[in-house]
Each structure stands twice: as C-alpha cells, then as structure tokens.
There are 2 protein chains.
Amino acid sequence: MAATKGEFALINWIRRQSTFGKNVIVGIGDDAAALRPPKNGAVLLTTDTILEGVHFNFKTVTPFQAGWKAIASAVSDIAAMGGVPEYAVVAVVLPKDASMKFARRLYEGMRSVADRCGVAIVGGDVTSWRGKLAVNVSVFGKVDGRPITRLGAKVGDAIFVTGDLGGSVRERHVEFLPRTREALALRKAVRLHAMIDVSDGLAADLRHIVEESGVGAILYEEAIPVSRDAEILARRGGKSAVEHALGDGEDFELLFTVSNRDAGRLLSGPPFRTRLSRIGEITARGFYIKKKTGGRVRLNPSGYEHFK
Amino acid sequence: MAATKGEFALINWIRRQSTFGKNVIVGIGDDAAALRPPKNGAVLLTTDTILEGVHFNFKTVTPFQAGWKAIASAVSDIAAMGGVPEYAVVAVVLPKDASMKFARRLYEGMRSVADRCGVAIVGGDVTSWRGKLAVNVSVFGKVDGRPITRLGAKVGDAIFVTGDLGGSVRERHVEFLPRTREALALRKAVRLHAMIDVSDGLAADLRHIVEESGVGAILYEEAIPVSRDAEILARRGGKSAVEHALGDGEDFELLFTVSNRDAGRLLSGPPFRTRLSRIGEITARGFYIKKKTGGRVRLNPSGYEHFK
C-alpha cells in the first residue's frame with residue numbers, strides 16, 4: 001500500500017538490520033518475499049494480531065515487549081501444530097504520533113524473540129493512522145510428516161499441559177518464549193494425538209480439542225499447574241487460583257493428548273525440563289472437572305459452569 | 001489470540017462456507033493452516049493492511065468492497081513478482097459495534113475476488129476493539145523460476161505499464177481485479193527485467209525500480225495512459241490529469257521494464273487485451289519526464305519536482 005516518507009525511512013532502517021540465509025531468495029523491500037520451499041512435509045501458515053488496549057496497554061508494557069508478544073504469539077501457533085517456525089511477515093499499524101524510536105523499539109522486540117526462535121522477518125507493511133497500535137504477524141513454518149491438529153484426541157487419552165497456568169496478565173503474557181522446542185521434543189518422544197496452545201484459557205482451549213475430536217474430557221483439579229501469578233490474583237479476591245488457571249488465557253503453553261502408554265513414558269522420562277503435568281483424561285462425552293474435595297462439576301469455556 | 005463468543009460464531013460461519021482442494025491438509029479452524037508446498041520454484045509471501053479512514057471510508061465504500069480491496073491489494077503484490085497467488089490468511093480487526101452482517105459482507109467481498117484469482121482463504125484471526133476496521137491479508141504464492149523484483153532494470157530498457165492511471169480514488173481503488181493473468185502472460189511472452197505494482201503512484205513506484213536497480217529513467221508525458229477518472233479530477237482543479245496519473249497511487253497496475261527487442265514484441269503482439277503502454281526508457285542516471293511541449297523536467301516521487 002502507499003507509504004509515507006517516515007514509513008519508507010523505517011523500512012530502510014529495518015532492511016539495514018537484516019541479513020538472510022540462502023533459503024531467502026528475496027527478503028525485505030520488494031513486493032513480496034521469495035523463499036525456497038521445504039522439500040518434504042507441509043508448510044504451515046498462521047496469522048495473529050495484537051491490539052493496544054485489548055491484548056496489552058502501554059501503561060504496563062513497553063514497545064519492545066509489544067513487538068516481542070506479536071511475534072511470540074504467532075510463533076506459538078506453529079509450535080501448537082508441532083512445526084518449526086521459519087519466516088515471518090509483519091504488518092504494523094502505527095499511531096500517527098508514534099516516533100521513529102518507538103517503531104524501532106517495537107521492531108527490536110520482534111527481532112529478539114524471532115532470533116531466539118530461529119525465525120527470519122522477511123517482509124512487512126507499515127501504515128499509520130489516527131488510532132491505536134495494531135501489529136499483525138503471519139508466520140510461515142514447516143512440519144515434517146503429519147501436522148498435529150485439535151482433531152485426534154481419543155477416549156482414554158491422557159491430557160497434558162506444559163508450564164504453569166493462570167494470571168499471565170501480571171507479566172508472562174508479553175516476553176514469553178513460545179514452546180517450539182518442547183513441541184518438537186514431544187513429537188520425537190511420543191505420538192501426539194491432538195495439540196493446541198493455551199491462548200483462550202485452559203478450559204476454552206481444551207473445549208476446542210474436545211469439540212473437534214468429538215469426545216469428552218475430565219480434568220483433575222489437584223493436578224492443574226497453578227502459577228504463582230494466579231495465586232497472587234486469587235488473594236486479591238474474586239476468583240480462586242484454579243479458576244484463574246482454567247479461565248485466564250494467554251498462557252501460551254502446550255495442551256495435548258497422548259495414549260496412556262505414552263503418558264507413562266513422558267512422566268518417567270520427560271523430554272525437557274519445562275514442567276509437564278498430566279491434568280486429565282479424554283472421555284466419551286461431557287466436559288467436567290474432578291474437584292479436590294471430591295465430586296465433579298461441569299466446565300464451561302471460561303471455567304466452572306456453576307461458580308459457587 | 002483469545003476470541004470472544006461473537007468471534008467464534010463468525011469463524012464457524014466462515015468454516016461452513018469453505019471447501020478446500022487436496023493441497024490444503026489443514027484449513028480454517030486450527031492453530032495454523034497446513035499446505036502442500038510447491039515442488040519447484042519459490043514460495044512468495046506478502047502482507048498488506050487496509051485501514052478504515054486511510055485506505056477507504058464507509059461513506060463511499062461498502063463492507064463488501066472493503067473486503068474485496070483487502071484481498072486484491074495483497075494479491076497484486078504477488079502478481080508484481082510474476083507469481084501465482086494460492087492461499088491467503090486474513091486478520092480482521094472489527095469495530096466493537098460491528099454486526100455479524102457487516103462481518104459476513106466483508107468476508108463475502110474477500111471471497112468474491114479470492115475465488116476469481118484462484119486464492120483459497122485458509123485461515124485467519126478475528127479480534128475486535130474500540131477502534132476502526134483494519135484488515136490484514138497475507139498471501140502465499142508460488143513462482144516457477146526467477147521471481148521478478150524491482151532490481152534488474154537495465155539502461156536502454158523500455159518502461160511499460162498496464163491499464164490507465166490516476167484518479168483511482170473515485171472508484172477503481174476498491175473492486176479491482178489484480179493483474180495476475182497479465183503478469184503470467186508477460187512472463188511467458190518476454191523476459192521481464194524489473195516489475196512492481198503501482199500502489200504508491202507511477203512516479204514513486206518507478207523510483208523504487210530506479211533506486212533498487214541503480215539506474216535512471218525518463219518518462220514520455222504524451223505516452224502516459226491517463227484514466228478518465230484523472231481527467232474528471234483535473235477538471236475540478238488543482239492538478240492536471242497527467243499529474244494525477246503520476247502521483248495518485250492505488251492503481252494496482254503493473255509497471256515493468258524489458259529490453260528494446262522485447263518491447264517491440266509486446267507492441268506488435270500484445271499477450272492480452274488489457275491496455276499496455278510504453279511510457280519511457282531506463283537511462284544511466286536522473287529521473288525525468290519529457291513534456292509534450294518539449295523539454296524535460298525532473299520528477300519526484302509525488303509527480304513533478306517543480307510544479308508550475
């Protein structure tokens with residue numbers, strides 16, 4: 001799209017920061033990037049937008065962190081498919097009054113996490129308007145063999161999640177490392193039946209797996225890895241720590257199901273140091289949580305169905 | 001990213017409209033789309049954003065047309081590389097008060113032009129905020145052999161442009177057909193040295209070719225294909241029709257250079273019915289326009305350097 005002088009200056013500055021490997025035939029600065037496709041397997045393509053005032057605000061988050069989050073949350077979707085992220089194109093909509101310094105810090109945040117994840121930023125689009133910041137990131141990845149989808153959970157499967165859940169809004173929702181290495185290690189260690197990243201919240205995202213796979217699920221309340229942040233939020237009242245863990249979202253952890261046999265393997269020899277919790281079981285139907293105090297209650301996508 | 005109930009409903013409605021060919025392993029509704037990569041050549045990747053109040057406004061443009069423009073302007077970038085567009089992922093940021101009907105019309109506009117261009121919409125992201133509409137489209141295309149870039153214009157090359165230029169803001173900037181067929185026909189007919197689509201405006205986009213290729217250019221004023229819209233705007237005063245053609249932008253026509261020999265071929269047997277104009281020549285240095293009245297003046301990216 002038509003670009004202004006300031007937009008061109010920013011793009012030229014970004015070009016000067018960029019060097020590419022041999023698989024990038026055309027990088028930043030043309031109408032499109034040109035990339036050598038993978039020889040085997042499939043290409044993965046995902047797009048994700050983060051919005052000022054919705055997914056973060058500049059009272060608590062720096063421009064660097066906003067850029068980081070934009071890349072990281074899109075890369076997380078590639079991890080959730082069991083893939084390797086390779087390239088990103090970035091579309092930034094800047095507020096009219098944004099300075100060049102602001103734009104550079106945003107890009108530096110993007111680059112920091114992109115570099116860590118092995119992702120090359122090969123193209124983009126810069127526009128500005130009398131509105132808030134919006135950053136869209138599309139990531140191109142590859143997957144050898146079968147992509148891991150939300151469909152494929154089987155009755156009797158064990159449900160696992162990486163890391164700790166809940167209260168990410170306090171801090172973890174910005175400068176997080178997407179679980180790309182964990183996803184690949186899991187792929188290598190076991191046969192993943194279904195996988196998703198926790199963006200909407202544990203209950204909502206498990207619901208996606210359950211609905212796509214045509215099954216049910218029961219979670220064990222006592223096994224849910226509740227984060228310290230969730231506990232801190234709970235002390236401030238409103239919801240319990242477990243409820244934060246079930247409903248908060250933006251944890252960007254991997255939620256997946258495997259056979260009972262593979263579950264045993266994962267627990268006896270975890271393929272990485274990141275916390276790994278067996279939190280429930282895939283059932284034929286229904287969507288429940290088994291309470292610590294005994295008995296089970298129905299879950300809804302934002303947590304408990306009947307909050308008491 | 002976390003989605004609301006209305007966002008889920010929209011995504012589910014879109015899923016029901018979608019059927020995919022055998023090269024789409026995973027389509028809409030998972031963390032990422034999975035696609036069979038092309039066996040030969042390169043993959044093209046581009047991203048483009050259109051913003052309410054910047055690239056269009058709803059006083060003159062319908063939601064259907066806004067959706068159309070979002071896809072068409074991204075596809076135009078693939079055409080400009082001499083490629084074939086194949087897949088799109090779409091990120092829509094809706095105003096909070098947007099209705100389901102509005103969102104559906106937007107999608108229908110996207111689908112109309114995507115279907116016409118052979119592009120499958122394989123994924124997306126829907127968010128909403130207290131701001132205006134923003135639509136980002138990333139397109140995945142392929143190119144057999146060499147992608148056509150902005151770099152490659154040679155001294156002595158003839159400069160060509162498709163269609164008519166200027167005044168697209170009156171109407172043509174929304175429901176246009178990207179020049180994908182013309183780009184492929186040109187590729188087949190001649191050896192394209194450099195190519196770009198006219199989004200910033202003829203003078204600005206030719207400048208991109210000139211700068212990337214390290215050459216100069218001279219345009220022939222009398223040969224510039226001035227649109228009827230440019231003439232209508234000129235009658236209202238301010239700028240001449242040629243100035244509109246040079247500076248307006250959003251024409252989404254193909255601007256390219258070929259050898260003198262290939263220029264002769266194109267003029268004696270054009271490979272399509274779309275108007276094709278030889279508008280200038282690549283020179284060693286400088287950036288000029290040869291006036292109808294004789295003499296030459298310097299060009300700047302928005303038109304004439306010295307407007308008299």
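In the predicted model, chain B can be superposed on chain A with an RMSD of 0.0 Å by a turn of 180° and a shift of 0.0 Å along the axis. The two copies are thus related as by a two-fold rotation axis. The same surface serves both copies, since 100% of the contact residues of chain B recur in chain A.

The fold of the individual chain was examined on chain A, which contains 8 helices and 14 strands. For 308 residues, a compact globule would have a radius of gyration near 19 Å, and the 20 Å of chain A agrees with this expectation. The C-alpha trace of chain A spans about 65 × 50 × 30 Å along its principal axes. Of the 308 residues of chain A, 56% count as buried. Among the contacts in chain A with a separation of 6 or more, 83% are accounted for by residues 24 or more positions apart.

Between the chains, 59 residues of chain B are in contact with 59 residues of chain A. On the side of chain B that touches chain A, two or more residues each are given by β1 (24-26), β2 (33-35), β3, α2 (63-80), β4, β5 (120-129), β6 and β8 (194-197) of chain B. The most is given by β3(B), with 10 residues. The residues of this side of chain B divide into 32 nonpolar, 16 polar and 11 charged. Strand pairing also crosses from one chain to the other: strand β3 (residues 42-51) of chain A and β2(B) pair in the antiparallel sense over 3 bridges. Within β2(B), B:A34 stands opposite A:L44.

Strands of both chains contribute to an open sheet of 6 strands, in the order β1(A)-β2(A)-β3(B)-β6(B)-β4(B)-β5(B), with mixed pairing. Its edge strands are β1 (24-26) of chain A and β5 of chain B, each of which pairs on one side only. Neighbouring strands of this sheet are turned by 20° against each other on average, direction ignored. Two helices of chain B pack on the sheet. Helix α2(B) touches β3, β4 and β6 of chain B, and its direction makes about 145° with that of β3(B). Helix α3 (residues 100-116) of chain B touches β4 and β5 of chain B, and its direction makes about 165° with that of β4(B).

Within this sheet, strand β6(B) stands between β3(B) and β4(B). Strand β3 (residues 42-51) of chain B runs antiparallel to β6(B) and is joined to it by 10 bridges. Along this pairing, B:L44 stands opposite B:G141, and B:I50 stands opposite B:V135. Strand β4 (residues 84-95) of chain B is likewise antiparallel to β6(B), with 9 bridges joining the two. Here B:V92 is the bridge partner of B:V135.

Because 10 of the 10 residues of β6(B) (residues 134-143) are buried, the strand is largely enclosed by the rest of the structure.

Burial also extends to loop positions. B:D30 lies in the loop between β1 and β2 of chain B. With 23 other C-beta atoms within 10 Å, B:D30 is buried, the cut-off being 20 or more. Residues up to four places away in sequence aside, B:D30 touches A:T149 and A:R150, both of which belong to chain A. B:D30 and B:G123 are 93 residues apart in sequence, whereas their C-alpha atoms are 8.1 Å apart in space.

Most residues other than glycine have a negative phi. A:E250, however, has a positive phi of about 55° although it is not a glycine. A:E250 is found in the loop between α7 (241-247) and β10 (254-258) of chain A, and it counts as buried with 24 C-beta neighbours inside 10 Å. B:F252 also has a positive phi of about 55° without being a glycine. B:F252 is found in the loop between α7 (241-247) and β10 (254-258) of chain B, where it counts as buried with 25 C-beta neighbours inside 10 Å.

Note on methods
Residues numbered from 1 in each chain as written. Chains lettered and ligands numbered in written order. Predicted model: local features only at pLDDT ≥ 70, side-chain atom pairs only at ≥ 80, totals over all residues. Buried ≥ 20, exposed ≤ 12 C-beta atoms within 10 Å, placed from the backbone. Helix = DSSP H or I, 4+ residues; strand = E, 2+ residues; numbered from the N terminus. Pairing = 2+ DSSP bridges. Contact = placed C-beta atoms within 7 Å. Nonpolar A, V, L, I, M, F, W, Y, C, P; charged D, E, K, R; others polar. Rg over C-alpha atoms; globule rule 2.2 N^0.38 Å. Axes fitted to C-alpha atoms, helices over the stretch in contact; angles between N-to-C directions. Least-squares fit on C-alpha atoms with pLDDT ≥ 70 in both.
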